[in-house]
Amino acid sequence: MESLVATAIGMLTATGVYLLLRARSFPVVLGLALLSYAVNVFLFAAGRLAVDLPPVIRAGGDYTDPLPQALVLTAIVIAFGMTAVVVVMAARAYVESGSDRVDDEPSGNGDGGDRW
Amino acid sequence: MVTHEIVLPIVLPAVIAAVIALTMRRDIALARTASLASAVALLLLAIALVSLASDGSVRTYALGGWPAPFGIVLVLDRLSALMLLLTAVLAVAVLLYAVNGWDTRGRHFHALLQFQLMGLNGAFLTGDFFNLFVFFEVLLIASYGLMAHGGGARRVGAGVRYVVVNLAASVLFLFAVGLLYAVTGTLNMADLAVKVPDVAAADQALLRSGALLLLLVFAVKGALVPLHFWLPDTYANAPAPVAALFAVLTKVGAYAIIRLFTLAFGEGAGDAAWLAAPWLMPAAMLTLLLGMFGVLAARRLAAMVSFAVLGSMGTLLIAIALFTPPALSAALYYLLHSTLAAGALFLVADLVAERRAGHGDTLVAAPVFAQSGLVGAMFVLGAIAMAGLPPMSGFIGKLLILDAARDAFNRNWIWSLMLSTSLLAIIGFARGGSSLFWKSASFPGRLDARQLTRPALTITAAGLLLAANAALVVFAGPVTRYLDATAAQLFAPAGYIDAVLGAEGGNE
């Protein structure tokens, strides 16, 4: 199971980084989402992988670490909110500039004057 | 007896922000009043907390009454109290400035600003890594809104880049937190400091990866080369009051580096001691060099100040990377100085821009504008401070750092780099000032005095930050005494650890 989880995290991260580097708003948003999925699974693995165990301490019984589960829940909520923000801002940038490029846009695009 | 003053700097702006967002959406006067009142209250609170922390004891506040390391604790020591005070001073000046009309160019300015303050204060107070992540996100999500405030293609474009870079950094932060938790089984900073020396040799690689990933994340926030590329774009295109407030945002990265690498990876960390130093120093030197070349090359005043911020982060992190108590004390002095100076200069750049219709803050000669003399004088004071000339605070800050580097093995590099880049900064600022103020004076014609909204208030706001800078010089004695004690406290992490793990009876 370890190798399966590790491969999944690796694939998600690699795809996410690739999409992020495409520097167009839609791939970038997808890339960020995939990266956040990768990190969520990774956080689970940080608490050691266990199957069929409850996240509560029982007398005599084995248990799995409940803390990463709480971390993952928080991370999911934050990643969801952030994805919404970046979608809205990317849409606004597209409407204002007519381009979906996320990296430096070609010069002469904007409200005049020097950017720097 | 539980006292709640430690949690107040987080709760107060959070409540005010919600109240402004829900009930004062249509009444800007009311929102301004509430926002300013909150900032002034935060300032008074920060002064009280500094005087509380100056007795040298570390105070903790267990959220929800859960004892550390199981619950989240807030920790007030000299460093966090100092950062709260700096944030509050900047916030008051920024709000006074924003009232001139910036806050009506978009919606929810005051609510976002209060959320930003909540995130900043939380990041400075928390004693838990995951909680630090959460407060980073709070301050970032507010800063995304503030960055795009007022709109415009270029500003929103820069905003998107800023958001994407920071989201990628947030993912790395989570990876780092996961690694540290997997190795040590704790997220509490004090508990981490206890457990790091005992990490097995087999797990050292994971531990180091986690710690250095965190350094990477904080370097993104602190705009360290090669992770600096978002800063000039963001700061030069943000609304002026927001850019001034962002001057403290990069310092959050510096604060987090100081906190993590003195507490958990300092003297007592065994194999992982002073893990950050060899990475931090060369990057900081490059940052300084690049920033000051940027000052030379900039074609807009706001961009020039942005690059000066980058350079000052380089200077600051050089001092931090020395990791000695005198160097840290010097670094903290420079941190206070550079935040206030950068804030003042961003406001001055906007004072210029709003008076030069059609030219903005582009560094070209144009007809004389209203109050050119007064604004010019403020620019000179700010530029002198930023470049590190006497009599302003930058001079003392750089002198302290140069003196602290006296015994460093790479002293010659540090000295020659800091002195030569100061020259670059002076040339850059002199060039900017002469084209904006001197050449314009001999330019034919005169710009019509535009209808300025509340010019007295905006000039007061920028003047307030310059005055705070001057106060750093006048009260350099007491300030450096406080900072020396702060550095001593940071280099004796036992006090912090005992306060967090002992006081609440949280030993297993």
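**View 1. The contact between chain B and chain A in the predicted model.** Chain B brings 38 residues to this contact. Chain A brings 41 residues. About 3,500 Å² is buried between the two chains. Carbon and sulfur atoms give 73% of that area. Within chain B, the residues that lose the most area to chain A are Arg154(B), Phe175(B) and Tyr181(B). Together they make up 20% of what the chain B side buries. For the complex, the predictor gives an ipTM of 0.91 and a pTM of 0.94.

**View 2. Polar contacts between chain B and chain A.** Five residue pairs are in polar contact across the two chains, both residues being at pLDDT 80 or more. The count of salt bridges between chain B and chain A is zero. Four elements of chain B each give two or more residues to the side that touches chain A. They are helix 5 (129-147), helix 6 (153-184), helix 9 (230-237) and helix 13 (301-322). Helix 6 of chain B supplies the largest share, 18 residues. Sorted by class, the chain B side has 25 nonpolar residues, seven polar and six charged.

**View 3. Thr480(B) in helix 19 of chain B.** Helix 19 covers residues 476-490. Is Thr480(B) buried or exposed? Thr480(B) counts as buried because its relative accessible area is 18%, under the 20% cut-off.

**View 4. The side chain of Thr480(B) and two backbone oxygens.** Which backbone oxygen does the side chain of Thr480(B) reach at 2.6 Å? That oxygen belongs to Ala476(B). The backbone oxygen of Gly477(B) lies 2.9 Å from a polar atom of the Thr480(B) side chain.

**View 5. Confidence along chain B, with residues 504-508 in close-up.** The mean pLDDT of chain B is 91. Of the residues in chain B, 98% reach 70 or more. Over residues 504-508 of chain B, the pLDDT is below 50. How many contacts does this stretch have in the model, beyond near neighbours in sequence? The model gives residues 504-508 eleven such contacts. Where pLDDT is low, predicted coordinates should not be read in detail.

Notes:
Residues numbered from 1 in each chain as written. Chains lettered and ligands numbered in written order. Heavy atoms only, no water. Buried < 20%, exposed > 50% of the residue type's maximum accessible area, 1.4 Å probe, protein only. Polar contact = N/O pair within 3.5 Å; in protein donor to acceptor, adjacent residues only side chain to side chain. Contact = heavy atoms within 4.5 Å. Buried area = accessible area lost by both parts, 1.4 Å probe. Salt bridge = Lys/Arg side-chain N within 4 Å of Asp/Glu carboxyl O. Nonpolar A, V, L, I, M, F, W, Y, C, P; charged D, E, K, R; others polar. pLDDT = per-residue confidence, 0-100.
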